[in-house]
Amino acid sequence: MLALLFNQAWSKPILLDRVVAVVNDDIILKSELDYETALAEQELRTRNIDIADQDELQLKVLDRMVIETLQLQQIKQMGLKVSDEELLTQIQEIAEQNNLTIMALRDRLNYSAPNGFEDFRERIRKQMLFQKLREAEVLSKTQVTEDEINNFIQRQKLIENSDEYRLKHILVSLPESATPAQRDEARAQAESILQKLQQGEDFGQVAVRFSDGNKALQGGDLGWLTHDQIPTFFAKSVSRLKPGQISDIIRSPVGFHIIKLDGQRNQNSQLVKQYHVYRFILLSDDAKNAGQPSNTLISLANSIDSLEKFKQLNDQYSDIPASVNANGNLGWQTAREMPADYFTAIAPLEPGQTARPFATDEGWVILYLDGIREQDKALDDKRQHAMETLRMKKANESFEIWLRRLRDEALVDIRYRDPEIMNPQPTHSEGDPQITGD
């Protein structure tokens, strides 16, 4: 009976699988290629794209599988991992984008195919690993210059037109039907006014005295104007000016104009005040217990009125380990970014002054305020966005080259055209069981 069952079970050949490609030490099986091809076909159908050549499609899918295998080998060699927490977060985002919970997404995928959610989960993990490899091998090595960032932001400004300009204006008017002599006289007056401004006279005062414009009594102040609100004959001159600069004489049908760009800002700007602070720590075990600094310490702080003198504290207290004050330059920080006791100490100061020493667990802290500025936080965000965008653009340009180089350096044996793999296998006679496979 066992012999009969054996002969019935193996009366036809069973093709377990075949190797369609060898990639270094890994193989790609025919069953894997068929599975990936079926997925590619399904994706193309959802995009209403006809499949003209099935053979060509399988070759493209196989090429992609070879590249993915090479990447997975590189990932393994580098020890890159995707944690369960990272994977869960990514799947959560995908579910939310489709207005689903993770449980609903799982049920829908499992309903559409056996182990649908598990297959989906592993595909997402693989995509995340590929992204980490791309960041490590290409993106992290892609550099962006300051000039590239500035040019990118400037181009975006031209597209968005979201800047506002604070303009001051002086007009030397002309009669409606001015004679050549009147035009020459008016231009000579405008040149005289421009010379006064170039010699340092206050623009507002000069406007009050000489301007024929309707804002003369406001010092020529036109207020904040968007790009669309600036008179056409001003626009080109304004685009060439930096804040604080004065234009050349501008001719228009109504007379001769001189403008000053008093300020420029973005409509979406978020101005924050930042403080450039330096810190020096005098180690002391009982600073907190003492409560108040000694008169000697107060006098020392009061005597420091320049950054050069502040830096001399390192020489004056050379017995303090260098590591304690190695990071004395705290850089530019907002009030919210620095410790509360630091801001309390520097709040009443002007740049170039040193704060009254105060006690901490480490000892006495002396702070020097080097500068104050208003910084556009939105601009900082734009610079960060510009840097990321440019790096991504450069990485996209070089990533394909990197992948192809990875393939060129690998040992890849494509067996797709092997007739024993792709053609149907011959039928064996009953009682002559065979198992074929690589």
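User: How many cavities of 30 Å³ or more does a search of the whole structure find?

Analyst: The model is predicted. Rolling a probe the size of a water molecule over the atoms shows where empty space is left. With a threshold of 30 Å³, the search of the whole structure returns 1 cavity.

User: Which element gives the largest share of the lining of the largest cavity?

Analyst: The lining of the largest cavity consists of Tyr275, Val277, Leu330, Gly331, Gln333, Met338 and Tyr342. Two or more of these residues come from strand 8 (271–283), and two or more from strand 9 (329–333). The largest share is 3 residues, and the element that gives it is strand 9.

User: By class, how many charged residues are in the lining of the largest cavity?

Analyst: The volume of the largest cavity is about 30 Å³. Its lining has 5 nonpolar and 2 polar residues. The count of charged residues there is none.

User: Is Tyr342 buried or exposed?

Analyst: Tyr342 is one of the residues that line the largest cavity. Its place is in helix 15 (residues 340–346). The cut-off for a buried residue is under 20% relative accessible area. At 11% relative accessibility, Tyr342 therefore counts as buried.

User: What kind of aromatic pair do Tyr342 and Phe358 form?

Analyst: Phe358 lies in strand 11 (residues 358–359) and Tyr342 in helix 15, so the pair ties together parts that are 16 residues apart in sequence. Phe358 is buried, with a relative accessible area of 14%. The ring centres of Tyr342 and Phe358 are 5.7 Å apart and the planes are at 65°; planes over 60 degrees apart count as edge-to-face. The pair is therefore edge-to-face.

User: How many residues apart in sequence are the parts tied together by Phe280 and Tyr317?

Analyst: A search of the whole structure gives 7 aromatic pairs. The rings of Phe280 and Tyr317 have centres 6.0 Å apart and planes at 45°, so this pair is tilted. Phe280 is in strand 8, and Tyr317 is in the loop between helix 14 (313–316) and strand 9, so the separation in sequence is 37 residues.

User: Which helix gives the most to the lining of the second largest pocket?

Analyst: The second largest pocket has a volume of about 570 Å³. Of its 15 lining residues, Tyr35, Leu39, Gln42, Leu109 and Arg123 are the closest to the centre. At least two lining residues each come from helix 2 (30–46), helix 5 (102–112) and helix 6 (116–137). With 6 residues, the element that gives the most is helix 2.

User: How many charged residues are in the lining of the second largest pocket?

Analyst: The lining of this pocket divides by class into nonpolar, polar and charged residues.

User: Which residues does Gln74 touch, not counting residues up to four places away in sequence?

Analyst: Gln74 belongs to helix 3 (residues 54–78). Its relative accessible area is 18%, so Gln74 is buried. Leaving out residues up to four places away in sequence, its contacts are Leu133, Glu137 and Leu406.

User: What separates the C-alpha atoms of Pro175 and Val254?

Analyst: Pro175 sits in the loop between strand 4 (163–173) and helix 8 (180–198). With a relative accessible area of 38%, Pro175 is partly exposed. Pro175 and Val254 are 79 residues apart along the chain, and their C-alpha atoms are separated by 7.6 Å.

User: What is the phi of Asn115?

Analyst: Most residues other than glycine have a negative phi. Asn115 is in the loop between helix 5 and helix 6, and at 55% relative accessibility it counts as exposed. Although Asn115 is not a glycine, its phi is positive, at about 55°.

Key
Residues numbered from 1 in each chain as written. Predicted model: local features only at pLDDT ≥ 70, side-chain atom pairs only at ≥ 80, totals over all residues. Heavy atoms only, no water. 1 Å grid on protein atoms, 1.4 Å probe; cavity = no way out; pocket = protein on both sides within 12 Å on 5 of 7 lines; lining within 4 Å. Points joined across faces, edges and corners; volume = space filled by probe spheres on them. Helix = DSSP H or I, 4+ residues; strand = E, 2+ residues; numbered from the N terminus. Nonpolar A, V, L, I, M, F, W, Y, C, P; charged D, E, K, R; others polar. Phe/Tyr/Trp six-rings, centres within 6.5 Å; stacked < 30°, edge-to-face > 60°. Buried < 20%, exposed > 50% of the residue type's maximum accessible area, 1.4 Å probe, protein only. Contact = heavy atoms within 4.5 Å.
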